[in-house]
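Good morning, colleagues. I would ask you to look at the structure on the screen before I turn to its aromatic rings and helix packing.

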Amino acid sequence: MDKTNEQTKSCQRRAATLQEKEEQVGVEDYFHVKTMPNIVEEPTDDDNSSSKEPGMVEKWVIKFEQSLNVLLTDSVIKVLDLFYHDRNYARFFVLETIARVPYFAFISVLHMYESFGWWRRADYLKVHFAESWNELHHLLIMEELGGNAFWFDRFLAQHIAIFYYFMTVFMYALSPRMAYHFSECVERHAYSTYDKFIKLQGEELKKLPAPQVAIDYYMNEDLYLFDEFQTSRTPNTRRPKIENLYDVFLNIRDDEGEHCKTMKACQTHGNLQSPHSNMSRRDDDVECAVPSTDCEGFVDCFRKSLTTDK
């Protein structure tokens, strides 16, 4: 028991040190800005990854996808700026309502593939559910802060979310890489928005109490799902402290940064693994492995059907 307590205290001290460092990190330093992959990892039959340079056509396709995503994201940002330039909590409520949608869409398509008997991606389902669980609590926090007080804000957020869901389902079925990059753009905007808000309102936020829903979520004894969506971290290395409203927004901002990193990793096919699976995966555990015969999306399946030797 003493050994367990000492390990817990050690993790808490290490997490506090990491959080203090992250408070000083800027938007561009938190994650890499350049998203176009230079190397594409492809699984092979002997489980040894080989790297190859994307072809000229693929490079142009990636550039087109990312340019379109940036255009769509900028358009949504302009709409939000128009309605919410001086209403922060309402803006955050709309953002968090929208932010949950891609993970529902990803899970829906992955379940469809599994139901059709095409392929199974257990780690993807697990991580995306953890991401949606995290975004849900962001939304609950904004609701407790009064961000959903007006009918118009609820109406706008819900209808954007409905459109966004079907758009993401179509995009993800067509090209997962494009869908993940679009989500990365959305998460990057969320991180930037919270970062600016913290810098402008930080002193005032430190004087305000934290919502109970935030305390219950971030200070919970069971943070398995909290660790699960942070695929760039080792589980138990980030343990938030919640003493006031400033801490709440600081952790929400850092959550968005972790989502951005995960969405970036997902753009390389087969690159996503559950943080907990990495800790205990055995050599004969192939449930979550990506088969070499599966496809990224319908476009990839069509391309492979044309190039596969018969």
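**Aromatic pairs and helix packing**

At 0% relative accessibility, F249 counts as buried, where buried means under 20% relative accessible area, exposed over 50%, and partly exposed in between, with a 1.4 Å probe and protein chains only. Before I continue, please note that this is a predicted model, in which local features need pLDDT of at least 70, side-chain atom pairs count only at pLDDT 80 or more, and totals for chains, interfaces and linings use all residues. Residues are numbered from 1 along each chain as its sequence is written, and side-chain values use heavy atoms, with hydrogens and water left out.

Rings of Phe, Tyr and Trp (its six-membered ring) pair if their centres lie within 6.5 Å; planes under 30 degrees apart count as stacked, over 60 as edge-to-face and the rest as tilted. By this rule there are 23 aromatic pairs. In one of them, the ring centres of Y89 and F249 are 6.0 Å apart and the planes are at 5°, so the pair is stacked. Y89 belongs to helix 4 (residues 88-99) and F249 to helix 11 (residues 245-266), so the pair ties together parts that are 160 residues apart in sequence. Helices here are DSSP runs of H or I with at least four residues, numbered from the N terminus. Y89 itself is partly exposed, at a relative accessible area of 24%. Ring pairs also link Y89, F92, Y194, F197 and F249 into a cluster.

How do the two helices pack? Two packed helices are described by the angle between their axes and the distance between the axes. For helix 4 and helix 11 the angle is about 35° and the axes are 14 Å apart; axes are lines fitted to C-alpha atoms over the stretch in contact, and angles run from 0 to 180 degrees between N-to-C directions. Y89, F92 and E96 in helix 4 meet L245, F249, I252 and E256 in helix 11, contact meaning heavy atoms within 4.5 Å.

Y218 is buried, with a relative accessible area of 1%. Beyond its neighbours within four places in sequence, Y218 has contacts that include H138, F226, I252 and D255.

Finally, the charged end of K206 sits over the ring of Y246, 4.8 Å from its centre; the rule asks for NZ of Lys or CZ of Arg within 6 Å of the ring centre and within 35 degrees of the ring normal. Thank you.

Key. Helix = DSSP H or I, 4+ residues; strand = E, 2+ residues; numbered from the N terminus.
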